[in-house]
2 protein chains.
Amino acid sequence: MRDFSHDHSALALNTATLGHNVDGHGAGWAPERIIDACAERGFGGIVFWRREIGGRAVEIGERARAAGLEVCGLCRSPFLVGPLALPSRQAVMDDFRASIDMAAALGASCLTICVGGVIEGSHSMRESLRRVADLVAEAVPHAAQAGVSLALEPLHPVYGGNRSCLVTVRDAVDMCEAIADPVLKVAVDVYHVWWDLSLPEQLRRLGGSGIAGYHLCDWLADTRDVLLDRGMMGDGVADLRAIRRAVEDAGYAGYCEVEIFSAANWWKRDPADVLDICVERFRTHC
Amino acid sequence: MRDFSHDHSALALNTATLGHNVDGHGAGWAPERIIDACAERGFGGIVFWRREIGGRAVEIGERARAAGLEVCGLCRSPFLVGPLALPSRQAVMDDFRASIDMAAALGASCLTICVGGVIEGSHSMRESLRRVADLVAEAVPHAAQAGVSLALEPLHPVYGGNRSCLVTVRDAVDMCEAIADPVLKVAVDVYHVWWDLSLPEQLRRLGGSGIAGYHLCDWLADTRDVLLDRGMMGDGVADLRAIRRAVEDAGYAGYCEVEIFSAANWWKRDPADVLDICVERFRTHC
């Protein structure tokens, strides 16, 4: 297991940690300012959200690399199915391909996929997952052509109804095995998997080459809002060392990406302080 | 699979469906009035909460059986570990035994166990589950003596931090196998397990004799409160038939217990209407 106590070059920032994924939150720093703040502190990577990028993908990607940061991801695909998805298959696939194209222009190594919830009226997670697999399989050649990995991200089961019918690493690995293309991988996020004691065995099935990313935060014992009340590493109940051990034992050696949605706490603080604390907690608690 | 379309004698009411588990909710019907209302409608069983019973366990149990209802459970043990548990091991075990004694006096076939969240400061679900297993194993002889089964209830992973470090049927079956006493069983609740596609294989490990109860409700796609916004069967995204098939294929042939926590909807309605709708939905959607 890697020792981060004196080296945080494997640390990456997901800009959601500064409130950049939801309108009206955070301090509103421009991508350039975040890039500089991360580079000054020795972060190794950065992950943006589409809403920050607009038409400037190439420019922002080059700016990040010039500052010494790898763009290790882009958030995210549209919801593919369920109540929050666009109304037609065509609209979903068009936006899915546009998100892949943006990741490619940015030079991001992967695009995160949030699959969307159970298809309305189906009452069936299985049927919904079959539809997801169809859509993902259709996007795979486009992603391969673009040189972008697709990172299937199983979300916490609390989101099963509306945001993700993919709720376990097991189900994500099953989908990867069924589609069987090296461009399709899995993102492992502490918030979504911390409760799953079968994680080590599922990640062994996947192997390190199948893990597209590892996302850090913590699960607060008294979580008040399941969407926007994530904890800083060390403030919650997740066994962060055990989870990273499972990820690394499977063969992963990539970035550890801090991604904290926290409307009532971290998004209200000075981003400079938040970044400093991310570095400190990464070294001491992860 | 049993056909309930013209027979709801397997239907049981958990009185939480009428708001009886939380102060200040529901219409406040006395146990006798609920017993009569269930018996009139042809329910087969009823499950009470300790707070309704007080010192009247023997009397209420006899009243239910005289009306033709089986008392098929009592809710519930105290939290055994975690932030909501009583402050000492002694206090927890005393209250655990008191809850077993109340179930015996009521003539209830089982006592539901909600194990409590991750032990504060441990950052470890595994360590917390080991402590739970110690406490449950200590209570098993008392339960056997009292003739009451203990129903380990894995709760939804959203409660992992504070209410239950036991969040999957898999982990519950593991604990049953480790303790290996026929008095220790598992309760399967749609709300907590609907997202788990490994349910059939885990229930096969357990077998019908290891299933202490099957609890019905639905998971609303737009759940607003993870504690008190459960849905009526048919109003959500759970595959109720598939879940019951898994339970029955494992060998379970007992009651199907409706347990709907719903502060903003069902608890505000006339209990008589709620009970009528439970019967109708049981016949058509479960």
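B:Leu13 stands opposite B:Ile46 in E2(B). This is a predicted model, in which local features need pLDDT of at least 70 and side-chain atom pairs pLDDT 80 or more, while totals for chains, interfaces and linings use all residues. Residues are numbered from 1 along each chain as its sequence is written, chains are lettered from A in the order in which they are written, and side-chain values use heavy atoms, without hydrogens and water.

Strand E1 (residues 11–14) and strand E2 (residues 45–49) of chain B run parallel and are joined by three bridges. Strands are DSSP runs of E with at least two residues, helices are runs of H or I with at least four, and both are numbered from the N terminus; two strands pair if DSSP finds at least two bridges between them. In chain B, eight strands close into a barrel in the order E1-E2-E3-E4-E5-E6-E7-E8, with parallel pairing.

## Contact between the chains

Chain A and chain B each give 30 residues to the contact (heavy atoms within 4.5 Å). About 2,500 Å² is buried between chain A and chain B, and carbon and sulfur atoms give 62% of this area. Buried area is the accessible area (1.4 Å probe) that two parts lose on being put together, summed over both. In chain A, the residues that lose the most area to chain B are A:His123, A:Trp195 and A:Leu197, together 26% of what that side buries.
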